[in-house]
Amino acid sequence: MSLNDPKWGNRGGGDNRGGGDNQGPPDLEELWRDFNRRLSGMFGRNSGRPGGSGGGDGGNRLPEFNFRQFGGGIGLIAAFGAVVWLASGFYIVDASQRGIVLQFGRFQEATEPGLRWRLPYPIQTHELVNLTGVRTVEIGYRGSERNKVLKEALMLTDDENIVNIQFAVQYILKDPQQYLFNNRGADDSVIQAAETAVREIVGKSKMDFVLYEGREQVAANAQKLTQEILDRYATGIQVSKVTMQNAQPPEQVQAAFDDAVKAGQDRERQKNEGQAYANDVIPRARGAASRLLEEADAYKGKVVAQAEGDASRFKQILTEYAKAPEVTRQRMYIDTMQQVLSNTSKVMVDAKGSGNLLYLPLDKLMQVTAAAGVPPSTDPTQVARPSSTPATESAVTPPRVDALSGEARTRESTRNRERGER
């Protein structure tokens, strides 16, 4: 059927109830008139004449109300409204949420994620609480560290100093029922509990500990204490983390505090340098002292052993001297002269001996003298003439102790001189 058909919406003289063409669209005007007739019939209005004039009363007759038809319409509307009202009780709980059903404002039940239904309003209502979302509150500042809230940030330490502390608290919900009904303003409760905890910890700590080496420990202790306070008030909140954003002295004394910090750093640097120097010098001094002690002990042992050896040797010589004094004196004299002459570079020649030419191995003598550690003489052929000593060649022998006294030496030399004159 084309929209350009002149019979669209108006069939002309045809009648739907007659034998005319029934294949066309319905007549819109007829449908509208039929709707008006039904509405008028519901209220008992006579629509026989145009203009609404009823009969002989001249149109002054009141319309008759049709309660039967009106009751049927109201029932349909009421049924539709009831369906809509009951359907309003459906609600969806997300996986990260929990549903709290209230009956006349009182807690009824907690629902799990999924499609749920409750009695419609005003009998029951519901609230959705997000349990996995991390919430953050700021203490000492708002939004940025420059936007300070001094009444929250300024705190007194144990050594009577004032510090400016800014920190943030992150938390999640662990019990939606406690979160909704046990406290009014859960975020404010977290702020007050965290501020109380930090003030207590800072009040028991030194200023340097709070500003430097103890910042992480202060945050950990604040988290623990804040959680204890929130559990005591049954807020249903789980503190995730306490983060120290900034900790510094007040702005009024910042310059003086910086100077004090620099002085402390210089002191620590000088202490470290002194400790490094001490670590270098003290071990070396201890090593040198230990070496000297060992050398002293070694020298002591050497001297004692040598003295004991000399004493033992003297006793042995004394025993032999008692047996043969003449032989012992002669032997001791020879050993003594050998020891004395081995330490000199001079060559002694007996001038009274034979006149044969003597061969002096000067190169050998100089080598022996150099090996013995005696500086060579400028004139190695220099001759000394003792009156009674036969010609001898110096030899290097280990030094020995002369056990004869001065008187014995004099007697021995006189006796040898007499023998030479004979």
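This is a predicted model: local features need pLDDT of at least 70, side-chain atom pairs count only at pLDDT 80 or more; totals for chains, interfaces and linings use all residues.
Local features need pLDDT of at least 70 and side-chain atom pairs count only at pLDDT 80 or more, while totals for chains, interfaces and linings use all residues. Residues are numbered from 1 along each chain as its sequence is written, and side-chain values use heavy atoms, with hydrogens and water left out.

Helices (H or I, at least four residues) and strands (E, at least two) are DSSP runs, numbered from the N terminus. Strand 1 covers residues 90-93. Strand 4 covers residues 114-117 and runs antiparallel to strand 1. Four bridges join the two; strands pair if DSSP finds at least two bridges between them. Phe-90 has Trp-117 as its bridge partner in strand 4. In a regular strand the side chains alternate between the two faces of the sheet. In strand 1, Tyr-91 and Val-93 make up the covered face. Phe-90 and Ile-92 make up the uncovered one.

Phe-90 and Ile-92 also belong to a nonpolar surface patch, together with Trp-85, Leu-86, Leu-115, Trp-117 and Leu-119. Patches are made of residues with over 30% relative accessible area and no salt bridge; like charges are joined within 9 Å, and nonpolar side chains (Val, Leu, Ile, Met, Phe, Trp, Tyr) within 5 Å. The accessible area of the patch is about 720 Å², by the Shrake-Rupley method with a 1.4 Å probe, where for residues only the protein chains shown count as cover. Helix 2 (67-87), strand 1 and strand 4 each supply at least two residues of the patch. Leu-119 sits in the loop between strand 4 and strand 5 (124-130). Leu-119 is partly exposed at 32% relative accessible area (buried is under 20%, exposed over 50%, partly exposed in between; 1.4 Å probe, protein chains only).

Rings of Phe, Tyr and Trp (its six-membered ring) pair if their centres lie within 6.5 Å; planes under 30 degrees apart count as stacked, over 60 as edge-to-face and the rest as tilted. The rings of Phe-90 and Trp-117 are tilted, because their planes stand at 55°, with centres 6.3 Å apart. This pair links distant parts of the chain, strand 1 and strand 4, 27 residues apart. Phe-90 is partly exposed at 49%, as is Trp-117 at 40%. Phe-107 and Phe-181 form an edge-to-face pair, 6.0 Å centre to centre and 65° between the planes. Phe-107 lies in strand 3 (residues 106-111) and Phe-181 in helix 4 (residues 176-181), 74 residues apart.

Helix 5 (residues 186-203) has 18 residues. The helix reaches 26 Å from its first C-alpha to its last, close to the 26 Å expected at 1.5 Å a residue; the expected span is 1.5 Å times one less than the number of residues. Its buried residues include Ala-186, Val-190, Ala-194, Glu-195 and Ile-201.

Side chains of opposite charge can pair when their charged atoms come close. The structure holds 14 salt bridges (a side-chain nitrogen of Lys or Arg within 4 Å of a carboxyl oxygen of Asp or Glu). Glu-200 bridges to Lys-204 at 3.4 Å, N to O. Glu-200 is partly exposed at 35%, whereas Lys-204 is exposed at 63%. Glu-268 and Arg-267 meet at 3.8 Å, N to O. In helix 8 (residues 254-323), Glu-273 and Arg-269 lie four residues apart, about one turn of the helix. Their closest N and O atoms are 3.3 Å apart. Asp-266 joins Arg-269 and Glu-273 in a network of salt bridges.
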